[in-house]
Each structure stands twice: as C-alpha cells, then as structure tokens.
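Here is a briefing on one protein model.

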Amino acid sequence: MIPNVNISVRSLVEYVYSSGSIESGFRTSRSLTEGTKAHQKVQKQYGELDQHEVYVSAEIPYEDLLFVIDGRCDGLLMDADGVTVTVDEIKSTSSDIGQIEENSYPVHWAQAKCYAYMVSKDRGLSRIRIQLTYMQIDTEETRRFVEEVSTEELEQFMFDVVERYYPYAQARNEHEQRRNQSIKELSFPFPNYREGQRKLAGAVYKTINERRKLFAKAPTGIGKTMSTLFPSVKAIGEGLLQRIFYLTARTTTRTAAEEAYSLLQAGGLQLHVVTITAKEKVCFKEEVRCSKEHCEFADGYYDRINEAVLDLLRHETIMTRTVIESYARKHRVCPFEFSLDVAYAADAVICDYNYIFDPRVNLKRLFEEQKRQTSLLVDEAHNLVDRAREMYSSVLNKSDFLELQREFKGVRAELHDAAKAINQYFIAMRKQIGDRQMQVEPELPESLIGLLDVFISAAEKELVGAGAIPPTTPLLLEAYFGAQNFVRIAKLYDERYVTFMASERNEVSVKLFCLDPSHLLRQMGKGYRSHVFFSATLSPLSYFMDTLGAGEDDYSVTVASPFSKEQLDVFVQPLSTRYQDRERSREPIARSLYEQMAKRSGNYLVFFPSYAYMSSVYEAFTDLVGEQDKGMLPKEEPRSQLRVLVQQTKMSEEEREHFLAEFQAGTEKTLVGFAVMGGIFSEGIDLVGDRLKGVAVVGVGLPQLGPERNLIKAYMESTGKNGYEYAYVFPGMNKVQQAGGRLIRSETDCGVLLLIDDRYLQPLYQRLLPEEWRDYTVLQAQRY
C-alpha cells in the first residue's frame with residue numbers, strides 16, 4: 001500500500017516557494033478577520049452562476065508516495081455559456097495597492113494554479129482562466145490580473161511542485177514510520193508511577209481521546225511534566241494526535257520539558273521536538289533589526305531555509321536553542337525564524353504561551369486541520385490569567401507620537417501630519433481629564449482608531465520604501481507595531497473591556513484594558529483537539545476554570561500531595577503586614593525571621609509582596625544581625641556565619657544563576673535569600689534536599705491596590721462574582737502557594753515554612769492554604 005501524504009494547497013506552495021507565510025508575507029498589518037471580510041466583499045460581487053469557497057482536491061502519485069492535496073478556492077466564475085471557468089484567488093492588503101504588479105507575489109499565482117488544476121481535471125476542461133484579485137482593506141479598491149492556461153500546462157506545474165516537495169515529504173514519511181514504531185514500543189521511563197501520577201496521566205489521555213479541556217491541580221513532586229507528556233506521546237502513536245505544544249511561562253519549565261523528552265528518547269522514542277526561544281535572546285546581531293540591509297541571516301533567508309529545515313530534521317530530534325543556533329549558523333538563516341519554520345514540521349513544540357494565545361505572535365500558519373490533531377499542554381497555568389489579560393490589552397503613549405512628529409517635520413509630511421494628529425488627540429484628552437489624573441470609559445475611542453489607521457498607512461509607505469528609511473526607523477517601527485496592536489485589540493473590544501486614560505505630568509496614555517480574558521482564551525484556543533491546564537497551585541479550581549475559559553463539559557482533577565505531614569513544619573506568625581502597619585511591624589517581622597533562622601543553620605528564602613517592603617525589612621534584619629554580633633543579643637551564631645542575598649530588579653540570567661548557585665547543600669553556614677513573591681525565584685526553581693531548609697512568606701500576596709485591579713473588582717461584581725476575591729485574594733494567595741512550594745520538592749525534602757500575617761488565621765485565607773499547610777502552629781504575637 002502506497003503511503004499517503006495529506007497536505008493543503010497553502011502548505012504545499014508555502015514550502016515550495018519559500019516566501020514565508022501568505023499571511024505574514026502579504027497581509028502585513030490587519031487581522032485575519034479583516035482579511036475574511038475583504039474576501040466576502042469581493043464574493044458578494046459574484047454573479048448568480050458563480051460559486052465561492054469551493055472545496056477541491058486531487059491525488060498525485062510520485063515515486064513511492066501518493067500526494068492527497070486539497071483546499072478551498074475563493075471563487076469559481078462562470079461565463080454566460082456556463083462552460084468557461086475562471087478560478088479567482090482573493091488577497092487583501094493594507095498597503096498601497098498601486099504598488100502591486102502582476103508578478104509581485106509568485107506564491108499567490110502558485111496557489112491559484114493548484115486550484116485551477118484541480119478544477120480543470122474535475123470538470124474535464126482543456127483550458128481555464130486564473131484571476132488574482134487584490135483588495136485594499138481601507139479603501140476597498142481592487143486590482144485584478146488574469147491569465148489563461150491549458151490543463152496540460154497546469155499538470156506539468158503540479159508535477160514540478162510535487163517533485164520539489166517530495167524530498168521533504170519522503171523524509172517526513174520515513175520519520176513518522178520510525179516515530180510511530182518507537183512510540184508503540186515505548187515504556188514509562190520509571191520503574192513505577194509515583195502516587196497520583198497514574199491518575200493525572202489517565203486524565204490527560206482521556207481528555208485527548210474525548211476532545212476536551214482538563215484543569216488539573218497536581219502538586220510538585222509527582223512528576224507533572226512526564227504525567228502530561230507521556231500519555232500525549234502515546235496518543236500520537238495511536239493516531240489521535242499529530243502534534244503536541246508544551247506551553248510555558250518561564251525558561252526553567254521549558255528546560256524541564258526538554259529533559260522529559262530526552263528521558264523518553266533515551267527509552268527509544270524518536271520524536272522531533274523543537275524549542276522556540278524569544279527573538280531577542282537568539283538574535284545573532286547586537287541590535288535586532290530584521291531586514292536584509294542590516295542582517296546577513298535575513299538576506300536570502302527564503303533561498304536557504306528549506307535545505308536548513310531538511311538538514312535539521314534528518315539529523316536531530318531534540319532541537320534545543322543550542323541545536324537551533326548551530327544549524328542556523330551553518331545555513332546562514334535567522335535562528336528565530338528558523339525555529340518557527342521547524343515548529344510547523346515538528347511533532348512537538350516547547351514554547352511560550354504567546355505562540356498560541358497572543359494575536360500578535362501566534363503561529364498563524366497552523367491551519368484548522370492541523371489544530372484538530374494538536375494538543376495543548378499548558379504548564380504553570382496559573383500564570384496564564386494575568387498573561388492573557390496583558391495579551392488582550394493594548395496601550396499607547398503620547399510621548400512616542402510627539403517624538404515622531406518632531407523627527408519627521410520637514411522630512412515626510414504625511415507621516416508628520418499623522419503623528420501630529422495623534423499627539424493633538426492626547427493633548428485634548430489631557431485637558432478632558434484635568435486634575436483627576438485618570439478617566440475610565442466603557443466605549444472604544446473610535447476617533448483615535450481612525451487616526452491610527454491613517455498613521456499605520458503612512459508608516460507602512462515609509463517602511464516599505466527600504467532605501468529611504470531614515471535613522472529614526474527603530475522608533476517608527478516600534479510605534480507602527482504599537483498602533484497595529486492597538487487597532488487589532490480594538491477589534492476584540494466588547495463589554496469585557498474598558499478604555500483607561502491616564503495623565504501624569506507631560507505623559508498621557510490610553511489603554512484598551514481587558515477585564516476578563518476567558519472568552520478570548522476560548523476563542524484563541526478554538527479548534528485544537530484538547531487542552532490540559534495544569535499547575536501545583538491551580539487553586540481554587542473553580543476560579544481558574546472560570547478565568548481560563550472552561551466549558552460546562554470540561555474536566556477537572558485534583559491530585560493529593562504525595563508528601564507526608566512530617567516533612568513540613570508550618571508556623572503562623574500573626575503580625576499585620578497591611579500597608580498602614582508596615583513601618584510598625586517591620587522590626588517584629590525581622591525578629592521573627594531571625595529567631596527561626598537562629599535555631600538551625602541552613603539555607604532560607606524569604607518572600608515579600610514588593611521590593612520596597614523587602615528593603616525595609618532587610619534593613620531591620622541586618623540591624624539585628626549586627627546587634628547580635630556586638631553582644632546585644634544572645635550569641636547563637638556569629639555574623640560571619642550568616643549571609644544575606646537580595647533579589648535585584650531586572651537581574652540577568654547570569655545573575656539569577658549566581659544567586660541560586662549560592663544555595664549549596666552540606667554547609668554549616670546560614671544563607672538567607674530575600675526575594676519577591678511572583679518574581680523569578682518564587683516559582684519554577686528546584687532547590688532540593690539541603691539546598692533549602694526553610695521558606696518564609698511575608699504577607700498574603702495581595703496585588704497592590706490600584707485603579708486597574710479595582711476595575712477588575714467592579715467588573716467581576718457586575719457579573720455576580722466576589723470582586724475582591726477575584727481581583728485581589730485569589731491572585732495573591734496563589735503567589736503565596738508558589739513561594740511556599742519552593743520548599744518540599746521531593747520525597748526526601750523536609751523543612752520549615754513560616755507564614756507571617758494575621759490574616760492566615762481568618763477562614764477566607766485558611767481555606768485557600770494547601771491541605772498539607774493547614775496543620776500549623778501559631779507563634780506568640782510579637783509586640784510592635
């Protein structure tokens with residue numbers, strides 16, 4: 001039996017013509033929705049005999065493979081005789097349509113010819129016309145190019161396309177056979193399942209099989225990464241899936257996924273796994289400027305990419321950042337774009353949430369038929385709520401457009417006038433706000449959207465004219481993308497949004513603020529076979545299911561902690577950390593920390609709700625150490641034996657690694673690390689064994705009171721929910737759980753957890769503590 005290669009027309013021509021995505025290469029600045037609307041406007045002009053969105057397919061044998069190619073052509077136009085047929089391929093653009101020539105986009109002709117071949121073969125035609133219709137989104141101006149070709153010519157064209165695609169298809173087919181056989185023979189990589197691990201793995205497989213979403217609260221220590229990956233890999237072997245996306249918020253959790261895949265590979269698995277790293281981190285140039293004039297890895301990229309992808313897939317399986325960079329240098333291609341192109345060919349992808357859920361950077365070339373065979377594994381899913389709110393919000397600042405107005409004065413009149421008009425809008429807004437400093441409106445600022453459309457059009461003309469780009473291009477480019485995103489988010493604006501305007505000194509900003517991202521998360525995740533949202537701190541589960549877009553038929557599972565209560569001693573110090581009490585309580589808090597750490601040497605982490613509060617308590621704590629050194633306190637441990645590290649803002653990766661490297665096991669000294677809740681050291685790090693003997697959490701983690709959090713609170717109350725809990729308590733206590741969760745990471749870990757805040761004795765906060773934390777000892781309250 002000849003193996004089938006099932007592929008869409010768009011995927012085929014994009015690979016063969018190597019000109020990048022049709023969407024990203026042509027429809028440069030508008031949403032897919034606007035492109036669809038443009039298609040519909042053209043199709044409404046069709047006659048009674050004409051057809052639109054016509055499904056077509058063809059089977060073409062080549063060598064040892066049968067290529068099954070299909071797609072939907074935008075239009076079939078019939079002449080009055082009902083015999084002569086024209087295949088219409090529609091494309092939309094926000095650029096100047098007058099700049100488009102007949103052969104500007106060969107990939108568009110290629111796509112149309114594929115459809116024309118299928119139509120002519122199906123209808124027994126000897127000749128057929130092909131028409132490319134371009135529509136300018138803003139003006140609705142159209143431009144058409146028509147040519148007539150014979151079926152014989154189209155047949156030769158299709159043969160040539162398939163011939164050029166064959167080496168990749170053959171390599172892919174051979175890989176899939178090896179992959180599926182390896183999965184069939186693959187065993188769980190450990191002698192036994194840990195407690196709770198089989199339960200989670202079974203729930204994941206059931207979710208994939210039944211095309212649902214799963215929300216899993218699973219504690220650290222059971223092996224969540226393997227519990228989600230192993231059943232997903234097995235689902236590929238059984239034909240339920242073709243691709244797995246492992247989505248993370250942090251580099252550390254990406255590493256855990258890579259290590260899990262490597263462990264499966266050591267057990268015989270043959271799977272193509274690629275990690276996508278942010279452009280800023282992998283760029284080979286000192287300055288990220290993605291144009292052929294400034295980067296030799298961008299110049300001629302599409303001439304070399306197919307060979308690079310094929311070379312990588314033939315020789316590698318686990319394609320980490322290091323591997324990607326090595327092959328990118330070998331083939332002189334951009335490492336970031338290279339990783340994206342490989343992602344469309346890989347069996348598994350490890351990447352940030354953005355590549356699926358963010359409308360700015362999501363993988364747009366993942367077509368619907370591919371989504372239906374893809375599972376999303378969302379690690380540390382508690383992070384996705386605020387990340388999604390950020391993805392679906394957008395902000396603009398007056399200062400950017402004032403600077404552009406000045407830069408282009410007397411240089412580019414159209415661009416200068418567009419920037420000036422937006423700056424004038426902000427000036428009028430500042431007058432409207434007056435002394436209030438902020439203003440909230442439930443409506444979309446339509447007049448600003450109109451001004452931004454004019455600016456985007458002017459900016460595109462400037463940016464497309466490569467030779468005429470002035471030195472201000474980075475600023476213009478940043479403002480251009482910012483305006484694009486603002487207009488894009490405006491298309492999503494509904495009752496879940498408000499327009500938030502703020503004025504402070506000379507700066508004025510306007511923000512389209514997403515209050516509830518659940519609906520948009522559902523929309524962006526639509527079409528994928530299954531979703532698995534998992535975290536050790538997905539608590540309360542009802543809150544996360546609501547905010548992450550669960551449906552009525554979706555599943556949830558809670559896995560009990562595998563650790564014994566004897567591993568953890570929990571203490572509550574009932575001191576107030578409320579803002580108005582912080583100055584009075586900082587010394588008692590410092591003393592409580594000191595007394596706990598003086599009892600036993602080892603490594604400790606202390607987490608605070610903010611950098612300012614951390615600095616204040618740090619001063620009091622170091623004063624105590626100094627007093628002890630001077631003999632003013634009982635000398636349980638000399639100061640030379642106690643060191644304090646403090647988390648700094650915007651630490652580099654090297655600085656972070658150095659901070660964590662200080663936490664060594666087997667030392668007789670005491671090391672105290674002061675850090676911030678919700679920061680880089682409060683989740684995603686493993687300090688197992690004696691590397692960490694104690695954790696203290698100061699406060700209940702509530703976000704700082706502010707207008708945006710209060711807007712979320714008010715919105716949630718308007719929907720019948722407890723606004724204060726949704727906006728403040730649940731996000732805050734999640735940070736507490738994450739910080740405290742750094743302590744017990746394995747069956748052999750043990751330590752002390754100190755919770756400092758009198759609110760831990762209140763029922764609301766008590767019920768949000770993990771089960772294993774509730775057997776606590778209340779310390780005697782210290783005097784202020």
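The points below are grouped by topic.

This is a predicted model: local features need pLDDT of at least 70, side-chain atom pairs count only at pLDDT 80 or more, and totals for chains, interfaces and linings use all residues. Residues are numbered from 1 along each chain as its sequence is written, and side-chain values use heavy atoms, without hydrogens and water.

**Fold**
- The protein chain has 27 helices and 25 strands; these are DSSP runs, H or I of at least four residues for helices and E of at least two for strands.
- Its radius of gyration, over C-alpha atoms, is 30 Å, close to the 28 Å of the globule rule for 784 residues, so the chain is as compact as a globular protein of that length.
- That rule is 2.2 Å times the number of residues to the power 0.38.
- Along the principal axes, the C-alpha atoms fill a box of roughly 100 × 70 × 50 Å.
- Of the contacts (heavy atoms within 4.5 Å) between residues at least 6 apart in sequence, 78% join residues at least 24 apart.

**Surface and charge**
- Buried residues (under 20% relative accessible area, 1.4 Å probe, protein chains only) make up 56% of the 784.
- The chain exposes about 34800 Å² (Shrake-Rupley method, 1.4 Å probe), with 47% supplied by carbon and sulfur atoms.
- The mean positions of the 95 positive charges (Lys NZ, Arg CZ) and the 112 negative charges (Asp CG, Glu CD) are 4 Å apart. His and the chain ends are not counted.

**Cysteines**
- There are zero disulfides, meaning pairs of cysteine sulfur atoms within 2.5 Å.
- C73 is in none; its nearest cysteine sulfur, in C114, is 12 Å away.
- C73 counts as buried because its relative accessibility is 0%.
- C295 is also in no disulfide, with the sulfur of C283 nearest at 6.0 Å.
- At 10% relative accessibility, C295 is buried.

Definitions and conventions. Buried means under 20% relative accessible area, exposed over 50%, partly exposed in between (1.4 Å probe, protein chains only).
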